[in-house]
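Have a look at the fold first, then read on.

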Amino acid sequence: MSSFSRQLKLSSSLIKRLQHRATAAAAAGERSFTTTEGHRPTIVHKQGLDILHDPWFNKGTAFSMTERDRLDLRGLLPPNVMSSDQQIERFMADLKRLEVNARDGPSDPNALAMWRILNRLHDRNETMYYKVLIAKIAEYAPIVYTPTVGLVCQNYSGLFRRPRGMYFSAADRGEMMSMVYNWPADQVDMIVVTDGSRILGLGDLGIQGIGIAIGKLDLYVAAAGMNPQRVLPVMIDVGTNNEKLLKNPLYLGLQEHRLDGEEYVEVVDEFMEAVFTRWPNVIVQFEDFQSKWAFKLLQRYRNIYRMFNDDVQGTAGVAIAGLLGAVRAQGKPLIDFPKMKIVVAGAGSAGIGVLNAARKTMARMLGNNEYAFESARSQFWVVDAKGLITEERENIDPDALPFARKVKEIGRQGLMEGASLEEVVCIISSALSNHNQSRFVFKMRNKVRQVKPDVLLGLSAVGGLFSKEVLEALKCSTSTRPAIFAMSNPTKNAECTPEEAFSVLGENIIFASGSPFKDVDLGNGHIGHCNQGNNMYLFPGIGLGTLLSGSRIISDGMLQAAAECLAEYMTEEEVLKGIIFPPISRIRDITKEVAAAVIKEAIEEDLAEGYREMDARELQKLNQEEIETYVQNNMWSPEYPTLVYKKD
């Protein structure tokens with residue numbers, strides 16, 4: 001990533017305009033995402049109960065008496081006009097009670113009960129829903145997103161109550177261009193789309209996967225300040241290979257096996273053409289597509305449309321930030337990153353995405369030439385369900401081929417095709433456990449059959465894969481502070497828990513996971529920090545930065561800028577304590593910083609075309625602080641607008 005060193009002076013008119021916006025926003029709580037609308041009254045064409053039943057405009061008991069008169073609401077609400085803070089207080093009191101008392105069945109887990117309660121608030125009052133979510137983001141992000149969203153997707157056919165998104169199916173071929181106009185919003189900034197084929201680590205959930213798209217967009221609103229009336233969750237239903245769903249009479253999707261090959265591509269092509277025809281400036285995030293299609297669709301569309309794949313690129317960015325954070329936590333300069341030895345468990349879309357991004361980052365630090373790429377490749381050992389991937393693997397996945405170990409390399413290490421994860425990490429523990437082996441064999445293995453990685457990175461979706469034996473093997477690491485990244489979601493698929501890691505390896509490690517875990521009390525006042533390396537640190541900022549820059553594509557440089565911004569967000573003091581990712585409670589500030597980094601890189605690469613009043617030339621004149629102000633002024637906040645009725 002090239003540094004943004006130009007500090008060009010703004011024109012006096014632009015300075016005045018930025019200062020005016022900032023002052024007005026601070027004074028009036030302006031909904032400054034929509035800079036052209038400002039805080040003007042919102043015109044509505046409905047009154048009475050119709051307003052109360054519309055979650056976009058309903059304020060509940062917060063309607064003022066003058067609005068109640070204008071909108072024919074007098075008598076339809078209790079007379080006490082409440083502030084939004086009072087409404088939140090009432091809702092929180094109800095939620096605490098309902099968490100225990102209002103589950104929909106004896107087997108309904110507490111987290112799913114909380115999701116239902118929040119979802120009902122969303123159905124009634126969208127503004128209040130986002131007020132609650134933003135105010136309690138650390139508490140409720142795990143409910144609307146991972147890990148609870150996995151449970152929601154598994155049960156979505158039974159949870160569906162009202163439309164929240166669009167469904168494009170194989171049965172709609174030839175009709176999508178007209179269907180897209182059924183969505184009521186004339187402007188859509190962000191779409192999250194899935195085909196339900198690989199939801200988290202839960203496999204093929206078919207149409208029920210739309211729950212993940214809904215959850216992601218909730219975070220776009222809460223973290224990035226995307227306007228909720230301009231986001232759209234989408235499901236592309238091409239069937240399912242989940243036999244349980246195919247046999248379930250209550251399943252809401254197409255009960256036929258998944259399309260494949262050219263037929264599948266034609267459906268996705270038609271969808272992309274339709275949404276970009278109606279909304280040319282929309283950004284589309286692909287989510288939870290199986291590895292078979294994730295890379296192919298990314299390469300097919302990324303240079304044509306504003307799109308990215310969060311599993312491939314977002315996961316990679318968060319992992320890169322974590323890996324760079326691990327280097328910092330060892331007290332080393334970032335330039336030492338290319339020296340790290342990394343064992344990756346998992347060769348799906350997320351694993352390969354991380355490998356490609358990490359290799360590019362290392363190569364860039366080494367000079368970005370052919371030698372640098374080859375040198376970077378040699379720092380990775382990839383293990384999948386069949387063991388260590390080498391050039392001897394039959395029918396090797398083309399995406400994994402660049403990372404297959406060469407026969408000569410593994411020969412020197414005493415490894416072979418299909419070696420187990422424990423053997424790859426370090427054979428010593430295996431040798432010690434086999435009392436029948438001779439001392440000579442043990443010495444030889446002790447000498448040569450060790451990778452001694454600095455990082456053990458899990459993207460396998462196999463819960464418990466980092467067993468006690470594997471963690472014991474990591475004691476071989478030559479790193480002063482080895483890192484364990486158990487990144488698979490949801491929680492049950494985490495490769496290990498922080499308690500397991502710290503209990504085996506002690507306090508001098510870096511631990512990160514994809515799902516939230518609590519820190520571990522190690523005694524004597526020592527804390528084992530559990531870092532949540534979740535994609536939510538990056539994808540909201542990538543989306544917002546792309547929107548505000550006006551870039552027509554999302555480049556590798558923009559993604560790299562986002563990852564490096566996150567890596568540098570933590571202070572030296574925090575990093576040396578083992579804290580490499582910030583708390584979720586700071587997510588809006590993190591997103592602002594990431595979005596600013598994306599905009600700067602888009603400007604540097606001459607991709608930025610501007611957004612609304614801020615054209616490309618004016619964007620180029622902004623310095624770091626002014627870009628951050630620009631981002632802040634364009635983040636939507638959930639404030640009740642003044643409503644004015646106008647008859648159709």
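## Ground rules

Two strands count as paired if DSSP finds at least two bridges between them. Strands (E, at least two residues) and helices (H or I, at least four) are DSSP runs, numbered from the N terminus.

This is a predicted model, where local features need pLDDT of at least 70, side-chain atom pairs count only at pLDDT 80 or more, and totals for chains, interfaces and linings use all residues. Residues are numbered from 1 along each chain as its sequence is written, and side-chain values use heavy atoms, with hydrogens and water left out.

What's the strand order? It reads 2-4-3-5-6: 5 strands in an open sheet, with parallel pairing. Strand 2 (166-169) and strand 6 (307-309) sit at the edges with a single partner strand each, so one side of each has no neighbour in the sheet. From one strand to the next, the twist averages 20 degrees; angles here run from 0 to 180 degrees between N-to-C directions, and axes are lines fitted to C-alpha atoms, for helices over the stretch in contact.

## Strand 3 and its crossover

Strand 3 (residues 190-194) is well covered, with 5 of its 5 residues buried, meaning under 20% relative accessible area (1.4 Å probe, protein chains only; exposed is over 50%, partly exposed in between). Met190, Val192 and Thr194 are on one face and Ile191 and Val193 on the other, all buried.

Strand 3 also pairs with strand 4 (residues 231-237), parallel and over 5 bridges; Ile191 meets Leu232 there. The chain gets from strand 3 to strand 4 through helix 11 (residues 210-224) in a right-handed β-α-β crossover: with the strands pointing away from the viewer, the path from the first strand over the helix to the second runs clockwise.

## Helices

Helix 11 lies across strands 2, 3, 4, 5 and 6, at about 165 degrees to strand 4. Helix 15 (residues 310-329) lies across strand 5 and strand 6, at about 75 degrees to strand 6.

Elsewhere, the axes of helix 6 (residues 126-135) and helix 7 (residues 137-144) come within 6 Å and cross at roughly 115 degrees. That makes the two roughly perpendicular, the label for 65 to 115 degrees. Their contact (heavy atoms within 4.5 Å) includes Tyr129 and Leu133 of helix 6 and Tyr140 of helix 7.

Technical notes
Angles under 35 degrees count as roughly parallel, over 145 as roughly antiparallel, 65 to 115 as roughly perpendicular and the rest as oblique.
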